[in-house]
Amino acid sequence: SVIYRNPLGAAPGLGIAAGTKYIYILPGVPHEMKAIFEHSVGDEIAQRCREACSMTRVITTFGLTESEIVAGLADGLSRSGLKVGYLPGPDGVRLRLTASGSNRDLLEKQLEEATSMIAEILGDRIVSLDGEPVHVVLGRMLIESKTTIAVAESCTGGLIGHLLTEIAGISESLDRDIVAYSNRTKTDVLGVDGSLIETKGAVSEEVAAAMAQGVKQKARTDIGLSTTGIAGPGGGTAAKPVGTVYIGIALGDLVRVEHNLFRGERSTVKVKTAFTALDLVRRLLTKR
């Protein structure tokens with residue numbers, strides 16, 4: 001076998017010829033495997049695949065189900081000659097397009113034509129043409145446009161702030177993330193009118209709007225974003241069942257609230273809410 005040095009650990013990588021095939025065996029530790037691949041194996045595979053190869057592009061979407069995407073793209077993708085994989089998750093549905101053959105220029109053309117077709121049909125539901133998740137794309141948009149944001153979270157409990165702070169340099173845009181879980185915090189910290197909570201309920205369109213406006217005013221940012229909802233398993237009613245979530249955004253003079261009903265366990269509702277809130281901001285910024 002051929003041994004590939006591991007710059008980050010003790011276990012090396014191995015390459016073994018098996019007839020017309022070549023088998024690579026790499027360590028299971030993700031960052032070690034990646035380091036060996038980038039240091040040596042990737043270039044070697046590219047060299048071996050010059051005559052017969054496959055090229056892949058991953059497109060991230062959000063706000064559409066897998067079945068909705070399939071229905072919208074079925075005709076176009078069936079004519080593209082590409083292999084298509086659908087990878088759904090709480091952070092959206094990823095489309096994996098794979099072109100195989102011997103002509104790299106032709107494969108690139110196939111992928112570009114299919115990507116253009118998908119972009120035209122799905123519009124702003126496309127998050128990234130490079131497989132990036134919503135929070136990464138939004139974080140970069142905020143930083144590059146020098147747009148500031150403040151967040152007030154109830155049912156998501158800080159998850160939106162966690163996702164945004166995964167992005168290097170986000171301190172240029174993210175001013176604060178307030179976990180306003182109790183009604184007292186909503187009134188004392190965000191300035192939400194207590195009578196509004198009493199009459200409309202903490203989980204309501206009106207309170208979500210007031211939270212977004214309150215955190216925006218307190219932080220003096222361009223955007224105020226809020227979440228309030230019932231993550232479960234208890235707390236639901238006939239009028240507001242478990243999974244009921246309101247997402248508020250204050251952007252300039254615009255105040256908008258989206259009502260959602262998410263299915264799943266408590267953690268799933270929280271994750272879906274966080275990504276939906278981030279995508280709402282992304283789509284509004286895209287239209288500016």
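**Asking about strands in a predicted model**

Author: In this predicted model, a hairpin of two residues links β5 to β6.

Reader: What makes β5 and β6 a pair?

Author: Two strands pair if there are at least two bridges between them. Strands β5 (residues 83-89) and β6 have seven bridges, in the antiparallel sense, so they count as paired. One example is V84, whose bridge partner in β6 is L97.

Reader: How do you know that β4 pairs with β6?

Author: The same test works here. Nine bridges join β4 (residues 53-61) to β6, and the two run antiparallel; the definition asks for at least two, so this is a pair. Here R57 is the residue opposite L97 of β6.

Reader: Why is β6 called mostly covered?

Author: A residue is buried when its relative accessible area is under 20%. Of the ten residues in β6 (residues 92-101), seven are buried.

Reader: Why are β9 and β12 said to stand at the edges of their sheet?

Author: Let's start with the order: the open sheet runs β9-β8-β10-β11-β12, five strands with mixed pairing. β9 (174-179) and β12 (254-261) each have a single partner strand, so one side of each lacks a neighbour in the sheet. From one strand to the next, the twist averages 10 degrees.

Reader: What makes β8 and β10 partners in that sheet?

Author: Five bridges join β8 (residues 149-153) to β10 (residues 223-229), and these strands run parallel. The cut-off is at least two bridges, so they pair. A150 has G224 of β10 opposite.

Key:
Residues are numbered from 1 along each chain as its sequence is written. This is a predicted model: local features need pLDDT of at least 70, side-chain atom pairs count only at pLDDT 80 or more; totals for chains, interfaces and linings use all residues. Side-chain values use heavy atoms; hydrogens and water are left out. Helices (H or I, at least four residues) and strands (E, at least two) are DSSP runs, numbered from the N terminus. Axes are lines fitted to C-alpha atoms, for helices over the stretch in contact, and angles run from 0 to 180 degrees between N-to-C directions. Buried means under 20% relative accessible area, exposed over 50%, partly exposed in between (1.4 Å probe, protein chains only).
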